[in-house]
Amino acid sequence: MAYSDKVVDHYNNPRNVGTLDKSLQEVGTGLVGAPECGDVMRLQIKVNPETQVIEEAKFKTFGCGSAIASSSLATEWIQGRTVEDALAIKNTDIVKELSLPPVKIHCSVLAEDAIRAAIGDWKKKNGVAETAPAATAEAK
Amino acid sequence: MSTVTTQVEVPAGVKLPIYMDNHATSPLDPRVLEAMMPYLTGKFGNAASRNHSFGWEAEQAVEAARAQIAKLIGATSKEIIFTSGATESDNLAIKGIAEMYRERGNHIITQVTEHKAVLDTCKRLEKHGYRVTYLPVKADGLIDLEDLKRAIDDKTILVTIMAANNEIGVLQPIREIGKICHEKGVIFHTDAVQIVGKVPFNVIEDNVDVASLTAHKIYGPKGVGALYVRRRNPRVQIAAQIDGGGHERGMRSGTLNVPGIVGMGKACEIAMQEMDTEAAYLRGLRDRLRNKFESELDYIHVNGSWEHRLPGNLNMSFVYVEGESLLMGINDVAVSSGSACTSATLEPSYVLKALGLGDDVAHSSIRFGLGRFNTQAEVDYVAAKVIDIVKHLRELSPLYEMVKEGIDLTKIEWQAH
C-alpha cells in the first residue's frame, strides 16, 4: 500500500493527540467505529459557550495510517470553527486533502462521523437543538 | 506528542530493509544459484530429448535432483513428480486423487486453516459432486484427532491436511493423522511446503502418501515444486491434470524446468545437511525476539501452539494497535500482518479467526518469519523498532487508554460499520 505524503506526515506527526476531561460541560466526546472492524476513533471538542467556537480538539485513533491521518486532519480543521461550521466538513473533503484511495474512503467517513458524534454529544450536554442528522455511524 | 517515526539506531552490519517474511518466500542461497548457473547458460538441453548429449546431460541433472529431493523426505526417486510449484502440486494431488478414486467414493476431509491452494481446490470439487468436510482447529491451531476419526466414512477417499501452517507455523500431528488414514484405507495428502527442510519430515515415518513441496521456501528458485506420490503400501494413483507429452510418468506433462529442478535439488541437499543446526539457530533468534517483546510490552500474545511450531515462526498480536499502522511504522522491515487492511479482501486472516481470536486481535497480528540469512543484530533492531512503534501507537490508541482505565471493551456498544 502506497500512502500519500500527507497521510505519512499525519501518521508521523499526528496533530492534537490526547484526551479532554469528558465530564466537563463544555467538552463533547464522539467515539465511533468498532475494534472488530479494525478502526475506532475518539474525537473530543472543547467549545466556547459564548461563541460556540471549537477552541480545542483532541483525538485518539486505533486504525490504519489512513484512519489516523483522517482523524488528525479532522481535529486540525475543526479547531477555530464554530460547531455549525465544523458540521459542514464532508468526508469527501478529507478524501481529497489526503488523496485516499477507494479502499480507504471508510476512514474519511469515520472521521466525519466522529466530528458529528462529538458535536452531538456537546449539544446534548448543553441543551442545544440538533440541526444536523443524529450522530450515528451510517451503514456503508 | 513526540513523533511516531523514531530514531532506533541501526546496528553495525545491518542493512535495511530487513527481510523477515521467509514463510512467503526465501532468498536464493548463493550455493543454489551456483548449482543452477550451468543450466541457465550452456547446458540448455531438454531432459526429454533422448537422442543427443544435450538431452542426456539435462536428464542426468534432473535425476540427480530427484534423488536429492527424495532423500530429504525419505522417498525414492521414482516417487517424485516435478511441477511448477506448490499450488500446482496441491491441485494435482487433490483433483488427481478425486478423479482417480471417484468410483470408490466422493468424500474428502480437510481443515479450515489450509492454504487457499487446498481450500479453493476442495471448493471447486464440491461443485462437481464431491463432499468436503472442513475440520475445525482448536485454539492452538491443531486439529482434534477425534474429529478426524468421526469424519471418516465409507465414502472417504482422501484426507488432506497441511504439515505446517504458513501463517502461525503450527505443526499438525501428521504422523497420527497418517496412521488413522492407513487404518481406514484412506489416502493421506499433506501440503508439506512449510515443513520440508525446516524440521524432520519423513514420508515413511510420518505415514504420508502424497506430499506437496516447493523450492522457493527453502532458499531455492521460484516456479518449481514437486509432488511426492507413494508407490508402495499403498500405491497411490493420480489422474493427470495437464495433458501433453507424457512427462513425469504421465502424471504431469510439460518440458521440465531443468535449472529450477537443479536448484531445488541443491536446496534440498543443503537443507538436509544444515537442518539441525539451522533449526536451533532460528529457534534461538525467534525466542530472543519474543522475549524482547514480552519484557517491554503488555497485552501481547503468541498466536497458535508454541510447542508444536516451526522454529522460524513468531506470530504475535499487539493488542490495541492495528496491524497495518504498525507495518507502516516499521517500513524498513518486511513482515506480514493478519490485519484486514493489508489483505485484498479487507477481511482479517481466516487462519487467526479459526483459532477463535476476535477480529480485533486478528487485526493486531504480525507474522515474523525468520530464515537462514537473518542475524541476531537484525532481530535486535526489529525488536527495538517494533517495541518503539507499538508504544507510540498505543499512545494514540483510544482502546489502550480505555483498557488502562479499567473499561471492559466488550461491554461497549460499538457502531460496527
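Author: Axes are lines fitted to C-alpha atoms, for helices over the stretch in contact, and angles run from 0 to 180 degrees between N-to-C directions. The model is a predicted one, in which local features need pLDDT of at least 70, side-chain atom pairs count only at pLDDT 80 or more, and totals for chains, interfaces and linings use all residues. Residues are numbered from 1 along each chain as its sequence is written, while chains are lettered from A and ligands numbered from 1 in the order in which they are written.

Reader: At what angle do helix α2 of chain B and α7(B) pack, and how far apart are their axes?

Author: Helix α2 (residues 53–73) of chain B packs against α7(B) at an angle of about 35 degrees, and their axes lie 8 Å apart. The crossing in which α2(B) passes α7(B) is left-handed, a term used if the near helix is turned anticlockwise from the far one by less than a right angle.

Reader: Why are α1(B) and α7(B) called roughly antiparallel?

Author: Helix α1 (residues 30–40) of chain B and helix α7 (residues 258–296) of chain B pack at about 155 degrees; angles over 145 count as roughly antiparallel, and α1(B) and α7(B) are therefore described in that way.

Reader: What makes up the contact of α1(B) with α7(B)?

Author: Its residues divide into ten nonpolar, one polar and two charged, where Ala, Val, Leu, Ile, Met, Phe, Trp, Tyr, Cys and Pro count as nonpolar, Asp, Glu, Lys and Arg as charged, and the others, Gly among them, as polar. Among those in α1(B) are B:V32 and B:R31, and among those in α7(B) are B:G263 and B:K266.

Note on methods
Helices (H or I, at least four residues) and strands (E, at least two) are DSSP runs, numbered from the N terminus. Angles under 35 degrees count as roughly parallel, over 145 as roughly antiparallel, 65 to 115 as roughly perpendicular and the rest as oblique. Two residues are in contact if their C-beta atoms, placed from the backbone, lie within 7 Å.
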